[in-house]
Amino acid sequence: MYNFDIKRLTPIIYVVSVLILLILIFKVLIFLLPFVIAAVIVRMLSPIVNRMSNKNKFTKSIVLLSFYVFVFIIVSLILVKIFLEAYNLFSTLIKNQDYILAHVTHALDKYEKYVSKLPDYSENLIDELVSKVLKYFNGTILNLLNSSINMLKMLPRLVVFIIVTILSSFIIINDKNIIVKFLTEQFPYSWLKIGNKIKKDILRLVFNYLRAQCILITLCFIELLVGLNIISMYCKDVKYVLIVSIIIAAIDALPILGAGSVLIPWVLVEVFVVNNYILALSLLVLYIIIFLVRQYSEPKLISKGAGMHPLITLIAMYSGFKIFGVLGFLYGPIIAAIIRIVFSEEIKYGFFKYLINNRKEQNE
């Protein structure tokens, strides 16, 4: 049987066609994300299922149900712990609101007395600096509030998403062979062979990339948890260490904000409002450690997970940011690594050399 090879077209059309196909596949996978996650969960549990002597639908469903129960228990324990610490935090804030207001008023009075003694140009400069800091701080708070409101609005969609994912995972784990057989019958063998290779490489890439991100977040969380616990031994003002560590680690995962968007304002409050210079210095040292560890680890971990040079990873992250915005920091390296996998032969030979030589061959 005659197999059509798209590489017989001009190289430019071949490259553009593959890129368009990758974009379409990416869009379809995002649209069908609950089913993709369900398939990934089934794939994760397949080693356990394969070791079972009795592989009927009931035992497969029991394995999957046990997995969801385990995840539910872990998530519930974490949420309960977060809720308790959040409740205690807000209760403390409400109870001490007069004390906090008095501190803020005292700090403002000190600021006005200090600024009034300075020359006019210095006063204007300090006022401008303070206004910029307050504007940044207010913007950060508004962004966090808007994100919280958007998350609440997305709650019904999230519930539907979770339900569809769970139901589809039960269907996939019980009828996996039928589904795989149906899908393999829809495409030619040559396509399936190439598709399986790309699928394995991409899955390994995504797994390594997500693992790198999880390692970075975990490192930040551990540094915060250990650092804040040590600080709390000699600074009694540091409380709710677990919930604070979780919040800052989650914010640190965002490329634009980072841990500094919480720790730096905290340092400024401790210096200018509370006058607790020891705590401010300790928090500053903790932030410097977190910053240095992330700057050293991030390019190496992501480039290692994506199988690319750190410079190419940084270029991909920057390009992704320019195209997709903040999420482009995550999309960029993944897309670049997928392109590297798909065009691995051309890159190994020399991408532009391949285009030019191919054209010369066609002209001859």
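Me: Let's take Ala, Val, Leu, Ile, Met, Phe, Trp, Tyr, Cys and Pro as nonpolar, Asp, Glu, Lys and Arg as charged, and the others, Gly among them, as polar. How do the residues of the lining of the largest cavity divide?

Reply: Happy to look, bearing in mind that this is a predicted model. The lining consists of Leu216, Leu219, Cys220, Glu223, Asp252, Ile290, Val293 and Arg294. Leu, Cys, Ile and Val count as nonpolar, while Glu, Asp and Arg count as charged. The division is therefore five nonpolar, no polar and three charged.

Me: How many cavities of 30 Å³ or more are there, and what is the volume of the largest?

Reply: Rolling a probe the size of a water molecule over the atoms shows where empty space is left. With a threshold of 30 Å³ or more, the count comes to one cavity. The volume of the largest cavity is about 40 Å³.

Me: Which element gives the most to the lining of the largest cavity?

Reply: Two elements give two or more residues to this lining: α8 (189-234) and α11 (277-306). The top contribution is four residues, and it comes from α8.

Me: Glu223 is buried, so to speak, among other side chains; which side chain of opposite charge is nearest to Glu223?

Reply: Glu223 is found in helix α8 and is one of the residues lining the largest cavity. Beyond its neighbours within four places in sequence, Glu223 touches Leu286, Ile290 and Val293. A salt bridge needs a side-chain nitrogen of Lys or Arg within 4 Å of a carboxyl oxygen of Asp or Glu. Glu223 has no salt bridge, and at 8.0 Å the nearest side chain of opposite charge is that of Arg294.

Me: Is Thr165 buried or exposed?

Reply: Thr165 is found in helix α6 (residues 155-174). Setting aside neighbours within four places in sequence, Thr165 has contacts with Pro34, Ile37, Ala38 and Tyr68. Its relative accessibility is 6%, and buried means under 20%, so Thr165 counts as buried.

Me: How far apart in space are Thr165 and Ala39, C-alpha to C-alpha?

Reply: Along the sequence, these two residues are 126 residues apart. In space, the C-alpha to C-alpha distance between Thr165 and Ala39 is 9.0 Å.

Me: What about Gly320: which residues is Gly320 in contact with, leaving aside its neighbours within four places in sequence?

Reply: Gly320 is found in helix α12 (residues 310-324), and at 4% relative accessibility Gly320 counts as buried. Its C-alpha atom is 9.6 Å from that of Ile334, 14 residues apart along the chain. The contacts of Gly320 beyond those neighbours are Gly325, Gly328, Phe329 and Gly332.

Me: Stepping back, what share of the contacts with a separation of 6 or more joins residues 24 or more positions apart?

Reply: The protein has 15 helices and zero strands. Of its 364 residues, 27% count as buried. Among contacts with a separation of 6 or more, the share from residues 24 or more positions apart is 65%.

Notes: Residues are numbered from 1 along each chain as its sequence is written. This is a predicted model: local features need pLDDT of at least 70, side-chain atom pairs count only at pLDDT 80 or more; totals for chains, interfaces and linings use all residues. Side-chain values use heavy atoms; hydrogens and water are left out. On a 1 Å grid over the protein atoms alone, a cavity is a set of points where a 1.4 Å probe fits but cannot get out, and a pocket is an open set with protein on both sides within 12 Å along at least five of seven lines; lining residues have an atom within 4 Å of a point. Grid points are joined across faces, edges and corners, and a volume is the space filled by probe spheres set on the points. Buried means under 20% relative accessible area, exposed over 50%, partly exposed in between (1.4 Å probe, protein chains only). Lys and Arg count as positive and Asp and Glu as negative; His and the chain ends are not counted. Contact means heavy atoms within 4.5 Å.
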